[in-house]
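Here are my notes on the two-chain model you sent. Please read them with the structure open.

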Amino acid sequence: MSVRVGEAARAPDFPRAAQHLLGNTQLRHNVRQATNVIRRKRASVVEELPDWQALREAGRQIKQHTLRHLDFYLEQFELACTRAGGHVHWARDADEANQIVISLIQARHAAEVIKVKTMTSDEIGLNAALEAAGITPYETDLADLIVQLGEDRPSHIVVPALHRNKLEIRQIFMEKMGLSDLGDRPEDLTNAARRYLREKFLRVSVAISGANLAVADTGSVCIVESEGNGRMCVSLPEMLITLIGIEKMIPTFQDLEVFLQLLPRSATGERMNPYNSIWTGVTPDDGPREFHVILLDNGRTSVLSQQESRDTLNCIRCGACLNACPVYRQTGGHAYGSVYAGPIGAILTPQLQSMEHSQSLPYASSLCGACYEVCPVKINIPEILIDLRGEVVERGDAPFSERAVMKAAAFALEKPGRFSAAQALARVAQVPFERDGVIRHLPGQLGGWTAVRDLTAVPKRSFRQWWRERTRGNLA
Amino acid sequence: MLVSLFITCYNDTLFPNTGKAVVRVLERLGHAVEFREAQTCCGQMHYNTGYRREAIPLMHHFLDVFQDAEIICIPSSSCVAMIRDHYLKMAAASGDSAVQDQVEKLLPRVFEFSELLVDKFHVTDVGAFFPHTVTLHPSCHSLRSLQVGDKPVQLLRGVRGLTLIDLPEAAECCGFGGTFAIKNAEVSAAMLSEKTRCILDTGAEICTALDNSCLMHIGGALSRQLAGVRCLHLAEILASSEKGEVL
């Protein structure tokens, strides 16, 4: 089995990628503006619900329950979906899922597909696999279209082109749609996208969608969106293929009540999404003639086996943690080297890959807790980050110099005598660097601190020395 | 009531004045203070960086030192958060029910400095005089883990002569994050520059907080910028009096 999360296995580590992105002032400005707008909207629609905390708790409990009994609910979904005329396929990893999609498209002799709302397809690298098989994918979600045409990578879970402003989008559209002129008002850009996409909707006979939620008892699939392009994709083509990560399951149709409140308010700051599509199998004379669901594992069952961190799979991909994260807000999503950026990406990406790759991601956080505070299903992201850091260290993958410093510090701190000696040693060691109680330059890794900040020098007398002298009566 | 001070390792080493200030405030309010010299560190740096194995003996040591303390006062919300949020889990992982029991009995006796004054002693006016303009950085652990709410603000409002100025974007992290500031030095610096911009916007002379760790980071940048703004732990403001006592 080969689990793959986009190009994450080959991505540079977070500090290096971040350093590069921090120099891009346009990107930082765009990310800042966009996350500020979404945060403000989210805060106001969350505030107006008196039972928001109860809703979060309900969301958490439903997800936790479903994941504890996932085998049952997956089979229930398969049965219900099949009864309603759908076909259910099981994919262990990225390659299996890609192969199933390609076979289904080739069986229809189709050479093009339209796609909507499927970050999971980015996870498994579907577009590249389709192109290699001679099939052209067209992204139809506006933001995904901007990313695809710009030969770019998504930088946000919900708003993949959040790092682009309208002038950049205008430039991309003009170049890639072959337009000689285009206004820069949002209406102008939307009209250009509409003209470009309408023709695809009417021509292409196969669509690939993702799913926000899958309902086990009815075998239904749900996507929520703002544009209606998803509605086009799931209703116009002759064949619809829906790719679903197995963690997207919820037990009953009634449970949608909870998630269709939590998701739009957390994701885009709306009370309800403009388009909520829920479909079950196939319906005679309405919608696609052929409907396939691919249930994807790609590392999810191995995450599920981890007691400390399995809550990661509760995630409903609302992106609220990204907008709240002070680290994400500085770097944008590309620094995370994965389709899953921000705090949730920092815990999900390394786990999907069994901690083999992306080990710098659990450290890409100041543990400020803003993510946990906004998470609609109460994933304790800071705690999971700490657990994953523990795994990095226990696998022996932490840098040698760090391990040496940590072990020495632990040795010194275990006994008060050793600690006092270490304090005295620090006072001597700082002599070459200290002036007037301030250290302005330090060598090696500690230079990262003094590059932008002064460091308080160790004062002559520690608190414990002061206390000792005081109790001896030398001081008042 | 006898208050046992856990000064924390970095306050002991780098910010002894904060410890002296805590002692002064508590004694002024009529409480006896003890300092158990066997104390060292809560284990936060190790635990949060992934060195769980190294953090465990530090937890045991802390539990042994403070086992029979009546009240434990800690002038650092991140260290209190370490104890409250992680000790039970660490104890459970050890599989030793006696240790779990020890932690459970200890937790209700652990107070962050502002919690101790406001919740336990029901005091918001500690008799301080501090004729300066001050802004408060509500550190992440105090805000989101301890949820101290407006306790530090209540205490600052009780200080005569003090003008408190609201900090814009106050709830944003300053970018310290312990070893984060070293391991992700550039991102930390970017976060810090926003925090210092907000602090400078207030025009305050002094930035205060419940954590010297954040203040060391923020103050380090303000010092490098020669910004003319100083960082001071809340305890040091509360310890100031009209007598002009010098710590």
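Which are the buried residues of α2(B)? I start there, then move to the contact between the chains and the two sheets. Bear in mind throughout that this is a predicted model.

1. **Burial in α2(B).** The buried residues are B:P16, B:N17, B:T18, B:G19, B:K20, B:A21, B:V22, B:V23, B:R24, B:V25 and B:L26. That is eleven of the helix's 13 residues, so α2(B) is mostly covered. The cut-off behind "buried" is 20 or more other C-beta atoms within 10 Å of the residue's own.

2. **Geometry of α2(B).** The helix spans 18 Å from first C-alpha to last. At 1.5 Å a residue, its 13 residues would be expected to reach 18 Å, and the model is close to that. Just after α2(B), B:G30 has a positive phi of about 90°.

3. **The contact between chains.** Chain B gives 52 residues to the contact, and chain A gives 52 residues. On the chain B side, eight elements each supply at least two residues: α1 (9–14), α2 (16–28), α3 (44–49), α4 (52–66), α8 (140–145), α10 (180–183), α11 (185–202) and α12 (212–224). The largest share, seven residues, comes from α11(B). By class, the side of chain B that touches chain A has 25 nonpolar, 17 polar and ten charged residues.

4. **One helix pair across the contact.** Look at α1(A), residues 14–22, against α11(B). Their axes come within 8 Å and cross at roughly 45°. That angle makes α1(A) oblique to α11(B). From α1(A), the residues involved are A:P15, A:A18, A:Q19 and A:L22. They meet B:E186, B:V187 and B:A190 of α11(B). By class, this helix contact has five nonpolar, one polar and one charged residues.

5. **The chain B sheet.** Four strands form an open sheet in the order β6-β5-β7-β8, with parallel pairing. Which strands stand at the edges? They are β6 (163–165) and β8 (230–233) of chain B. Each has a single partner strand, so one side of each is left without a neighbour in the sheet. The twist averages 35° from one strand to the next.

6. **Inside the chain B sheet.** Strand β5(B), residues 133–136, runs parallel to β6(B), and three bridges join them. For B:T135, the bridge partner in β6(B) is B:I165. Helix α12(B) lies across β7 (206–209) and β8 of chain B. Its direction is at about 170° to β8(B).

7. **The chain A sheet.** This open sheet has six strands, ordered β1-β10-β7-β4-β2-β3, again with parallel pairing. The edge strands are β1 (87–91) and β3 (136–139) of chain A. Each pairs with a single strand, so one side of each lacks a neighbour in the sheet. Here the twist averages 25° from one strand to the next.

8. **Inside the chain A sheet.** Four bridges join β4(A), residues 206–209, to β7(A), residues 239–245, and the two run parallel. A:V206 stands opposite A:M239 in β7(A). Helix α5(A), residues 94–107, lies across β1, β2 (112–116), β4, β7 and β10 (290–296) of chain A. The helix runs at about 170° to β10(A).

Technical notes
Residues numbered from 1 in each chain as written. Chains lettered and ligands numbered in written order. Predicted model: local features only at pLDDT ≥ 70, side-chain atom pairs only at ≥ 80, totals over all residues. Contact = placed C-beta atoms within 7 Å. Nonpolar A, V, L, I, M, F, W, Y, C, P; charged D, E, K, R; others polar. Expected span 1.5 Å × (residues − 1). Buried ≥ 20, exposed ≤ 12 C-beta atoms within 10 Å, placed from the backbone. Pairing = 2+ DSSP bridges. Axes fitted to C-alpha atoms, helices over the stretch in contact; angles between N-to-C directions. Parallel < 35°, antiparallel > 145°, perpendicular 65-115°, else oblique.
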